[in-house]
Amino acid sequence: MRILIAVDGSEIALRAVRYAVRLAGELAEPPELHLLYVDEPLLRSVAIHLGAEGAVRYHAENGRAATQRARAALKRAQLEFEEHLPIGEPASVILKFAKSERCDLIVMGSHGRGALKTLFLGSIAGKVLAHAQTPLTIVR
């Protein structure tokens with residue numbers, strides 16, 4: 001089984017990781033786990049100001065920070081995983097990744113860092129839910 005765990009560094013994303021860890025423990029064989037953090041592109045003016053190397057460093061630091069707790073939870077559970085840190089519009093990248101890697105399940109939080117803490121789905125989770133062809137588990 002291939003499981004895509006989409007994270008953004010939020011507490012709710014960490015709950016999604018913990019859910020995936022529990023699910024992995026219930027499976028007969030260890031799943032192929034893909035930890036995905038999608039960093040949004042920089043504004044052009046900011047990218048120009050930072051320069052190519054600065055922009056690369058900025059995205060790498062964002063990715064490391066956003067996945068730090070998720071990586072730690074997966075390592076504590078002794079689960080192997082691949083980490084992916086692409087740049088783009090998060091919902092569309094999640095959907096494309098799930099399709100291209102033939103994932104059997106997407107696990108993600110209901111809303112992330114930028115969302116208000118309400119009963120409603122965040123915009124990224126809502127877009128993924130609306131367009132996913134892959135089964136999706138949304139964790140609150």
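Leaving aside neighbours within four places in sequence, which residues is L74 in contact with? The legends below take up this and other close-ups of a predicted model, in which local features need pLDDT of at least 70, side-chain atom pairs count only at pLDDT 80 or more, and totals for chains, interfaces and linings use all residues. Residues are numbered from 1 along each chain as its sequence is written, and side-chain values use heavy atoms, with hydrogens and water left out.

**View 1. Surroundings of L74.** L74 is in contact (heavy atoms within 4.5 Å) with I5, V17, V21, L33, L35, L79 and F81, its neighbours within four places in sequence left aside.

**View 2. The largest nonpolar core.** A nonpolar core is a set of buried Ala, Val, Leu, Ile, Met, Phe, Trp, Tyr and Cys residues joined through side-chain atoms within 4.5 Å. Buried means under 20% relative accessible area, exposed over 50% (1.4 Å probe, protein chains only). This core has 21 residues. I3, I5, V7, V17 and L74 have the most contacts inside it. Two or more residues each come from β1, α1 (11-26), β2, α2 (44-76) and β4. Helices (H or I, at least four residues) and strands (E, at least two) are DSSP runs, numbered from the N terminus. α1 gives the most, with 7 residues.
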